[in-house]
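User: This one is new to me. Please walk me through it.

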Amino acid sequence: LTASGGPFRNRPAEQLNAATPAQALCHPTWSMGPKNTIDSATLMNKALELVEAHWLFDLPADKLDAIIQPTSTVHALIEMNDGSLLAQLSKPDMRLPIQQAITHPHRAQGCVETLNTQSLTSLSFEPIDESRFGAIALAHHVMRLGGTAGAIFNAVNEVAVQAILEKRLAFTEITRLVARALQELPAQSIESLEHVLNADASAREWATDQLPQAASA
């Protein structure tokens with residue numbers, strides 16, 4: 001999966017702790033609303049997408065990864081058995097994936113402007129610096145844990161993002177808080193929807209209790 005890198009793609013790690021919610025909401029290519037935009041700034045959105053792909057396509061963690069593609073032109077790469085890559089390219093517009101989700105397995109008339117291939121002079125890719133963006137490593141950890149780990153991961157992130165928007169948490173504490181949750185809240189096997197909902201509720205309660213401590217850390 002590809003990530004734009006968000007507004008902090010080139011910001012040194014030592015400056016990220018001082019990042020403000022307003023800065024995190026200034027996405028260079030996408031307009032997605034506050035929650036998804038903060039997730040893009042931490043790359044937590046891509047981490048969640050990796051976990052989704054793990055479950056949707058029954059793929060192990062070592063078959064899934066993310067890379068930065070700054071212009072948000074390439075949205076996914078699939079490696080075939082013969083070593084070739086298939087790429088999905090389009091203009092960055094959330095209406096396209098929403099339309100495809102609604103009409104799948106069919107494709108309806110396009111609702112977004114067609115990508116002008118004549119203007120594509122180059123496509124660049126960059127590895128993700130995990131010293132600044134730890135969300136991708138956490139996603140792989142969640143996939144290996146299995147069970148309710150994904151519910152814990154998502155729930156704590158949602159609580160942390162809301163705290164960021166309310167200026168009650170430092171930007172870099174989002175990933176740290178999620179990492180702590182995965183350490184302190186044991187993942188359990190999923191036997192019913194109730195197990196998932198209970199894990200979600202417990203994780204949200206835990207994260208809310210941790211906010212004052214996380215904010216002062």
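User: Which residue takes a positive phi just after helix 5?

Analyst: That is glycine 146, with a phi of about 70°. Helices here are DSSP runs of H or I, at least four residues long, and strands are E runs of at least two; both are numbered from the N terminus. Keep in mind that this is a predicted model: local features need pLDDT of at least 70, side-chain atom pairs count only at pLDDT 80 or more, and totals for chains, interfaces and linings use all residues. Residues are numbered from 1 along each chain as its sequence is written, and side-chain values use heavy atoms, with hydrogens and water left out.

User: What follows helix 2, and what is its phi?

Analyst: Leucine 43 follows helix 2. Its phi is positive too, near 70°.

User: OK, confidence. What is the mean pLDDT of the protein?

Analyst: The mean is 87, and 90% of the residues reach 70 or more. pLDDT is the predictor's confidence in each residue, from 0 to 100.

User: Where is confidence lowest, and where is it highest?

Analyst: Helix 1 (residues 21-24) is lowest, at a mean of 68. Helix 5 is highest, at 95. Where pLDDT is low, the predicted coordinates should not be read in detail.

User: Back to helix 5, then. Which of its residues are buried?

Analyst: Ala135, Ile136, Leu138, Ala139, His140, Val142 and Met143. Buried means under 20% relative accessible area, exposed means over 50%, and partly exposed is in between, using a 1.4 Å probe and protein chains only.

User: What covers them?

Analyst: The cover includes helix 2, helix 3, helix 6 (149-165) and helix 7.

User: Take helix 7. At what angle does helix 5 cross it?

Analyst: Roughly 20°, with the axes of helix 5 (residues 135-145) and helix 7 (residues 173-184) coming within 10 Å. The axes are lines fitted to C-alpha atoms over the stretch in contact, and angles run from 0 to 180 degrees between N-to-C directions. So the two helices are roughly parallel to each other. Angles under 35 degrees count as that.

User: Which residues meet there?

Analyst: Helix 5 brings Ala135, Leu138, His141 and Val142, and helix 7 brings Thr175, Val178, Ala179 and Leu182. Contact means heavy atoms within 4.5 Å. By class, these residues are 6 nonpolar, 2 polar and no charged. Ala, Val, Leu, Ile, Met, Phe, Trp, Tyr, Cys and Pro count as nonpolar, Asp, Glu, Lys and Arg as charged, and the others, Gly among them, as polar.

User: And how far apart are the axes of helix 3 and helix 5?

Analyst: They are 8 Å apart, and helix 3 (residues 44-56) packs on helix 5 at about 25°. That makes helix 3 roughly parallel to helix 5.

User: Which residues meet in that pair?

Analyst: From helix 3, Met44, Lys46, Ala47, Leu50, Val51 and His54. From helix 5, Ala135, Ile136, Ala139, His140, Val142 and Met143. This contact has 9 nonpolar, 2 polar and 1 charged residues.

User: Tell me about valine 142. Is it buried or exposed?

Analyst: Valine 142 lies in helix 5. It counts as buried, because its relative accessibility is 3%. Leaving aside neighbours within four places in sequence, valine 142 touches Val51, Ala149, Gly150, Phe153 and Leu182.

User: New topic, helix 2. Which of its residues are buried?

Analyst: In helix 2 (residues 34-42), they are Thr37, Ile38, Asp39, Ser40, Ala41 and Thr42. Aspartate 39 has a relative accessibility of 1%, so it counts as buried. Beyond four places in sequence, aspartate 39 is in contact with Met44, Asn45, Leu48, Asn157 and Val161.

User: Now the loops. Which peptide bond is cis, with omega near 10°?

Analyst: The one from histidine 104 to proline 105. Proline 105 sits in the loop between helix 4 (95-103) and helix 5.

User: What is the phi of aspartate 58?

Analyst: It is near 55°, a positive value in a residue other than glycine. Aspartate 58 is in the loop between helix 3 and strand 2 (67-68). Its relative accessible area is 68%, so aspartate 58 is exposed.

User: And the phi of lysine 167?

Analyst: Near 60°, again positive in a residue other than glycine. Lysine 167 is in the loop between helix 6 and helix 7. Lysine 167 counts as exposed, at 69% relative accessibility.

Note on methods
Angles under 35 degrees count as roughly parallel, over 145 as roughly antiparallel, 65 to 115 as roughly perpendicular and the rest as oblique.
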